[in-house]
Amino acid sequence: MRAEGERTIIGDDRQPDRLLRHLHEGRSLLVFGSRGSGKSYLARALATLAEDAGWDPLVLRTGAVLCTVPFGAADACGDKRLEALRGTGDEPGQPVLIVVDDAHLLDEQTAQMLVRAAYRGTAKLVLTVTVPRARAAGHIAACDQRMALFEDMWNNDLAERVDLHELTDADAREMVRAHPTAGELDAAALARCVALADGSRALLREMLDRAVDVLRNDADPLDGLRDIPAHGRLGDTIRMHVTDLAPVHRICLAVLGHLPGLSATDAARFLPPTAVQELVAAGLIHDDGRLSHGLTANTVLAREAGRQVDPDSVDAILRAVSDHLLAPEGDWWSRPAAAHVAARWLHSGGTPPHTVPDERRDRVVLDAARAANDAGDPVLAKAYLAMASDTSTEEVILENRHAEAMLERRPIDFSPGAHGIASADVILRFLTLQPQAAIDACPRPDESETAVSARATLDVTAAQRALMSMQWHRAEARAARAARASPNARVRLGSALTHAMSLSMRGCGREAALVLTDLVDAHGWSTMASTVETSDRLVALCAEVMSRAVAGESIEPVRGRFEKEAIRASRENAPSGPVWTGWGAALIYALSGEIERALREIATAHRRSAHLPRPPWAALVTLTVAREAALTDHPDAARTLVEWATGSTDVLPLLVRHTELMTTSCIAAAEGDIVTAIDETEQALEIAVSSGAALLVAADGFQRAVLGGADSEVLRLLRETAETTDAPIATALSDRAHALALGELSLNDRDVIALLRAHQATPKRTSHAAGSSLFPVWTPLASDVAREPVTAALTPREREIAELVSDGLSNRAIAEQLFLSIRTVESHVYQARAKLGARSRTHLGTIMRP
């Protein structure tokens with residue numbers, strides 16, 4: 001990225017220094033790019049940069065009105081330097097830099113004049129030329145003779161050719177960071193803008209502007225990106241973008257816009273397969289990569305495509321889909337098609353045709369209701385279910401109970417209905433929503449192949465429930481059994497993460513790392529992306545972030561994967577994608593020191609999840625953010641988050657209860673109520689000790705020591721924990737707690753909060769390469785660096801070792817010089833980093849230098 005004045009040029013294919021160097025060497029520039037590729041922006045930026053470098057660029061404008069008039073563009077410019085180039089004036093003393101955007105629209109005479117001047121050396125040209133996009137129909141209107149003139153300059157080595165590629169996700173992230181107001185948007189809205197931009201820089205800029213405008217009008221940016229006016233800057237940009245497409249592509253795009261998730265095989269029944277494949281290759285339709293190859297159209301472009309084609313042609317295809325689905329003797333079924341048919345029924349009065357058999361009718365409304373419930377819209381789900389027949393099935397009854405439970409914020413009623421107990425297949429759908437109730441209600445599966453998968457799913461859910469109950473060995477046993485029983489990637493992902501998090505909590509970090517390594521080696525994250533639902537992957541990444549946070553490890557390896565999943569979720573229109581994107585982003589922001597953004601993200605996620613169930617993972621994420629808020633002078637916001645996380649149920653899972661106690665302890669400490677803070681910490685410590693959670697014992701014991709008055713029993717626990725776990729953080733916390741007990745540090749109320757913050761946040765805050773993420777780079781908070789003198793909080797030993805680090809000595813060299821063990825040196829380095837807010841060992845050395 002390069003900024004000059006007010007121009008920011010983003011992309012490896014358009015490096016300004018390299019382009020200006022070609023001009024300095026006397027070569028012209030031919031810039032080829034499709035509509036929306038940023039070529040016009042680049043031309044303006046280069047003109048500004050050239051002016052800053054001392055040149056006086058001549059900007060020549062083109063247009064359809066002028067292209068048929070001899071010397072139309074030259075005469076319209078009126079610059080006397082052009083008269084010299086035409087031979088009607090004095091030759092310029094030095095070559096003229098001429099910038100022409102959309103040079104393919106020049107009139108023939110002006111184009112020839114410019115090329116002759118370039119050959120004579122009296123002009124250097126920057127010409128941009130619009131070329132068709134990969135999915136465009138035909139070619140851009142231009143004279144082949146003019147294009148031949150420009151290409152001849154390149155063939156004769158008179159000009160450098162620059163081919164601008166379409167917007168990549170990496171460049172999109174750079175553009176988001178460079179946008180002056182995009183920082184106001186939440187992560188899900190930013191991901192949505194990137195997903196909808198379709199490789200166009202112009203579209204991305206307009207999407208961001210639209211989303212910010214909607215937000216400033218107190219509305220949800222995601223709603224504003226769904227309902228885009230046909231006229232206006234963004235509407236016009238979309239219209240020109242879609243106009244490039246061939247008619248058959250526009251029809252396919254419009255049809256698939258009504259059928260999100262339709263499989264590629266089913267799409268081939270009604271649409272030309274070649275056209276669909278071309279749209280997928282062009283990125284206008286997203287293929288989820290799973291076995292069925294679910295297709296999701298770019299919604300804003302699909303809507304515009306529907307405006308540009310004959311509506312009767314689109315409707316005829318959609319009616320054919322409906323007729324095929326409802327054929328009395330037919331055996332074809334598609335859930336996306338069923339959802340579309342139900343929507344048509346609802347919009348035409350809410351009464352299905354009497355010719356549709358009850359069994360088909362119920363199946364249609366059931367699939368539509370499930371999709372609505374999954375999207376957190378129980379009102380729409382009940383509207384669909386109202387169209388069911390009088391002889392409703394167990395599935396319809398249970399889905400209706402699901403909608404009612406969401407509306408009333410209560411658990412789903414699994415009690416037997418008129419049809420008796422629901423089958424395992426039906427109840428398994430609700431495992432992630434209400435695991436305990438669903439497991440209790442689920443009949444024992446038989447020995448069929450489907451039942452084996454059902455048992456593995458039950459095992460994963462039971463393992464996760466055991467994890468939340470802090471029954472570590474039970475969680476690991478059930479997770480391992482599930483992984484052995486099923487090759488299903490979703491089962492393997494859930495079991496591996498549950499197993500790894502349990503091991504991590506017990507202090508077995510190396511074993512946990514092996515479990516995750518085996519998972520990636522066996523499947524790979526890209527394979528997971530093609531076999532596991534987006535929302536499940538987002539939940540898994542949130543769990544991994546929390547696991548790393550507990551172990552004091554960097555969250556950096558997860559950040560990039562989470563960002564990609566957020567964009568993928570937007571492309572797939574995953575129902576709960578925006579919610580989990582918001583929760584995950586809030587977690588990452590909080591653990592990176594960006595608490596203001598974290599609070600905004602989690603507030604938005606909570607608002608979007610108003611009707612969705614609150615799984616335990618969401619509660620843990622929220623409590624983690626609340627703890628960080630309490631430790632950064634936001635106790636009121638922290639209490640609000642605690643109420644949200646714990647207010648949906650009377651009985652909290654033990655892990656959630658433990659996290660709640662540690663969070664409310666921090667809130668009390670932040671408010672100066674140390675007595676309450678100590679009491680709640682001791683309750684949490686008792687839970688951690690009784691469950692054998694080594695890392696939690698270390699964190700809780702350290703917090704108890706910081707709050708004051710830690711007795712010998714707490715110090716003994718910390719030392720024993722440090723000796724029985726392979727996590728360096730346990731040793732560091734134990735050493736620091738003993739230093740506090742020995743009086744090496746004197747604490748006041750402000751120091752208490754500072755030390756708790758140092759333990760909680762510093763290990764996770766790592767420098768992030770500028771511009772490589774939608775999430776911002778962490779910078780130290782003012783309160784982290786305002787301590788004077790900067791090294792005052794260090795013990796004499798910590799200061800001595802930190803100074804040796806600044807001298808460039810390795811941990812081994814320091815250990816040999818001071819006659820200490822390497823592990824002791826590592827512990828002191830960690831303590832010094834934590835107290836000084838150093839992001840790395842190198843950063844610690846920098847801080848210690850005079």
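The dialogue below goes through some helix and loop assignments in this predicted model.

Student: Which hand does the crossing of helix 41 and helix 42 have?

Tutor: The crossing is right-handed.

Student: Which residues in helix 41 and helix 42 meet?

Tutor: From helix 41 come R797, E800, I801, L804 and V805. From helix 42 come I814, Q817 and L818. The residues of this contact divide into 5 nonpolar, 1 polar and 2 charged.

Student: Why is R797 called partly exposed?

Tutor: R797 lies in helix 41. Its relative accessible area is 33%. Buried means under 20%, and exposed means over 50%. The value of 33% falls in between, so R797 is partly exposed.

Student: What is R797 in contact with, leaving aside its neighbours within four places in sequence?

Tutor: L818, L820 and H828.

Student: How do you know that the span of helix 43 agrees with its number of residues?

Tutor: Helix 43 (residues 822-836) has 15 residues. The expected span is 1.5 Å times one less than that number, so helix 43 should span 21 Å. Its end C-alpha atoms are 21 Å apart, so the two values agree.

Student: Which residues of helix 43 are buried?

Tutor: Among them are V825, H828, Y830, K835 and L836. Each counts as buried, so each has under 20% relative accessible area. Just after helix 43, G837 takes a positive phi of about 70 degrees.

Student: Which residue other than glycine has a positive phi near 65 degrees?

Tutor: D633 does. D633 is found in the loop between helix 32 (616-630) and helix 33 (635-646). H293 is not a glycine either, and its phi is positive, about 55 degrees. H293 lies in the loop between strand 9 (285-287) and strand 10 (294-297).

Student: Why does D633 count as exposed?

Tutor: Its relative accessibility is 65%. Exposed means over 50%, so D633 counts as exposed.

Student: What makes H293 partly exposed?

Tutor: H293 has a relative accessible area of 34%. That value lies between the cut-offs of 20% and 50%, so H293 is partly exposed.

Methods
Residues numbered from 1 in each chain as written. Predicted model: local features only at pLDDT ≥ 70, side-chain atom pairs only at ≥ 80, totals over all residues. Heavy atoms only, no water. Left-handed = near helix turned anticlockwise from the far one by under 90°. Helix = DSSP H or I, 4+ residues; strand = E, 2+ residues; numbered from the N terminus. Contact = heavy atoms within 4.5 Å. Nonpolar A, V, L, I, M, F, W, Y, C, P; charged D, E, K, R; others polar. Buried < 20%, exposed > 50% of the residue type's maximum accessible area, 1.4 Å probe, protein only.
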